[in-house]
Every structure is written in C-alpha cells, then in structure tokens.
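Here are some notes to read alongside the structure. Please check each point against the view as you go.

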Amino acid sequence: MERKLYTVNTGHATTAYFGFANGFDTIDHALAKEKVHQKVRKTLSETGQLLIEKWQFNTDEHQAYIETTLERFNNPALKDEVTRVGRKLIRKLGYNERFTNPIRQASERGLAIEGLIDTVVQILKYNDPADEKAVQLQAMLKEKSVEEVIKEVTQLQDQTIIDRIVKAYSH
C-alpha cells in the first residue's frame, strides 16, 4: 500500500504542483518539461529509498516501478489536468499522508528529503483560485506565519524539519 501511495500518488501530485507552478494544464505536458520531470524524479527517488530501506524492496524492481509510473503519467491520451490532481492539498499534507509521512520516516532514517520538502513548498505556494482548499490554505498563510501553518496542517513536531520547510519556502 505504501509503495502505491508514495510512488504513484506522491509522484502524481508532485507533477501537478510543479506543473501548475510552471504554467502547465496537464500532467503529461508538465512531465515533458525537464525541470518538472527532474523534480518529480528526485521526489520519487527519496520515497523510493525509504521504501527500499523500510520494506527491503529490490532496488532494480522498485526503479522499474518508478519508470512504469512515470510512463503512465506521460501518456497524452489521459489528459489529466494538474488542477484536478492538485485538489485536496490540505489533506495531502496531513501527518500520515503522501508527503508528510515519508518526510518523517525518511528523516528518522537519515535519508534525503530535499525533493519532498521542495514539493511541500510548491503545495504551500499552490494558488488556484478555483480550488477551495488552495484558497483556504492561502488565507491561512496570510493570517499566520508559514511555520504556524506548517505545524497546523502537517501536525509535524520535528522542529528541524519544520525549519527546513520554512527556509525552503522563504527562498
């Protein structure tokens, strides 16, 4: 279950947030942009390392799973809109969800989390006026500090991780 959540779902959402930030309407167009593709690949590399270490997955088999997932995202016949995939962003930042949970688990194991943090920053900056939760998140960020919003939405307790997200958001 974690393999699908932290590869397919995390990768799909990562593509949506970086795609939206770069002006793309669909997942396949976003992933065709090298900059977006590399961000997604970095995030999936990090979740992949977590899954391999935690579940002792075969490295080559998991890499093949990542490649198959990326091929599916690249399918132009699907025409999956980044705004559809990006919906429910507050839930996706939840403590046991596809971004915060792998950040916590990878950090506890001393694994890289920079790509995941970059994605969280993109989620925090996601400003789609047609998306009720994006509007809600942006309103929260106007009323409170980034740190307060991160703590509230993610329920993270690890101040080091919170500080890393705040620093990345501020740059």
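1. Helix α8 supplies four residues to the lining of the largest pocket, the largest share from any element. The model is a predicted one. Two or more lining residues come from each of α1 (2-21), α3 (34-55) and α8 (114-125).

2. Which residues line this pocket? They are Phe18, Ala21, Asn22, Lys35, Lys39, Asp118, Val121, Gln122, Lys125, Ala168 and His171. Sorted by class, four of them are nonpolar, three are polar and four are charged. The space in the largest pocket comes to about 160 Å³.

3. Lys92 deserves a separate look. This residue belongs to helix α6, which covers residues 89-92. Lys92 is buried, yet it forms no salt bridge. Where is the nearest side chain of opposite charge? That side chain is Asp131, 7.7 Å away, whereas a salt bridge requires the side-chain nitrogen and the carboxyl oxygen to be within 4 Å. A polar atom of the Lys92 side chain does lie 2.4 Å from the backbone oxygen of Val85.

4. One is with Lys54, at 3.0 Å. Another is with Trp55, at 2.9 Å.

Notes
Residues are numbered from 1 along each chain as its sequence is written. This is a predicted model: local features need pLDDT of at least 70, side-chain atom pairs count only at pLDDT 80 or more; totals for chains, interfaces and linings use all residues. Side-chain values use heavy atoms; hydrogens and water are left out. On a 1 Å grid over the protein atoms alone, a cavity is a set of points where a 1.4 Å probe fits but cannot get out, and a pocket is an open set with protein on both sides within 12 Å along at least five of seven lines; lining residues have an atom within 4 Å of a point. Grid points are joined across faces, edges and corners, and a volume is the space filled by probe spheres set on the points. Ala, Val, Leu, Ile, Met, Phe, Trp, Tyr, Cys and Pro count as nonpolar, Asp, Glu, Lys and Arg as charged, and the others, Gly among them, as polar. Buried means under 20% relative accessible area, exposed over 50%, partly exposed in between (1.4 Å probe, protein chains only). Lys and Arg count as positive and Asp and Glu as negative; His and the chain ends are not counted. A polar contact is a pair of N or O atoms within 3.5 Å; within protein, one must be able to donate a hydrogen and the other to accept it, and residues adjacent in sequence count only if both atoms are side-chain atoms.
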